Amino acid sequence: MVILYSYGSHFKKDKELGVSKCENCNHEAEKILLTEKYKIKLFYILPLFSKVKNRGILCTHCGNIENLSKREYEDMKKA
């Protein structure tokens, strides 16, 4: 019997925040509010386990993610 599974981090784009200056690369770039989840799936489809690994703001130019607390993330998502 063979059991096929997959695991890894997956990013979910929650909201586009517009263009602003990145503190890491000093470029004007679009910022995206996102959630990074660690997932384990059975047969590459059925989710067995999912845990939020990181919440933050992604710079689309350099790929840097500025970490946010759960409360900060929820406030930005509502705004």
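Helix H1 (residues 70-78) lies across E1, strand E2 (28-42) and E3, running at about 60° to E1. Helices (H or I, at least four residues) and strands (E, at least two) are DSSP runs, numbered from the N terminus. The angle is taken between N-to-C directions on a scale from 0 to 180 degrees, with axes being lines fitted to C-alpha atoms, for helices over the stretch in contact; contact means heavy atoms within 4.5 Å.

The model is predicted, with local features needing pLDDT of at least 70 and side-chain atom pairs counting only at pLDDT 80 or more, whereas totals for chains, interfaces and linings use all residues. Residues are numbered from 1 along each chain as its sequence is written, and side-chain values use heavy atoms, with hydrogens and water left out.

The four strands form an open sheet in the order E1-E2-E3-E4, with antiparallel pairing; two strands pair if DSSP finds at least two bridges between them. Strand E1 (5-21) and strand E4 (65-67) each have a single partner strand, so one side of each of these edge strands is left without a neighbour in the sheet. From one strand to the next, the twist averages 35°. Strand E3 (residues 46-59) is joined to E4 by three bridges in the antiparallel sense, and Gly-56 has Asn-67 of E4 as its bridge partner.

Two loop residues have positive phi values. Asn-26, in the loop between E1 and E2, has phi near 60° although it is a residue other than glycine. Asn-26 counts as exposed because its relative accessibility is 53% (buried means under 20% relative accessible area, exposed over 50%, partly exposed in between, with a 1.4 Å probe and protein chains only). Phe-43, in the loop between E2 and E3, is likewise not a glycine and has a positive phi of about 55°. With 42% relative accessibility, Phe-43 counts as partly exposed.

Phe-43 also belongs to a nonpolar surface patch with Val-2, Leu-4, Tyr-44, Ile-45 and Leu-46, which together have about 650 Å² of accessible area. Patches consist of residues with over 30% relative accessible area and no salt bridge, like charges being joined within 9 Å and nonpolar side chains (Val, Leu, Ile, Met, Phe, Trp, Tyr) within 5 Å. Accessible areas come from the Shrake-Rupley method with a 1.4 Å probe; for residues, only the protein chains shown count as cover.

The structure holds two salt bridges, each defined as a side-chain nitrogen of Lys or Arg within 4 Å of a carboxyl oxygen of Asp or Glu.

| Salt bridge | Closest N and O atoms |
|---|---|
| Lys-12 with Asp-14 | 3.6 Å |
| Lys-13 with Glu-16 | 3.1 Å |

Lys-12 is partly exposed, with a relative accessible area of 46%. Glu-16 is also partly exposed, at 47%.
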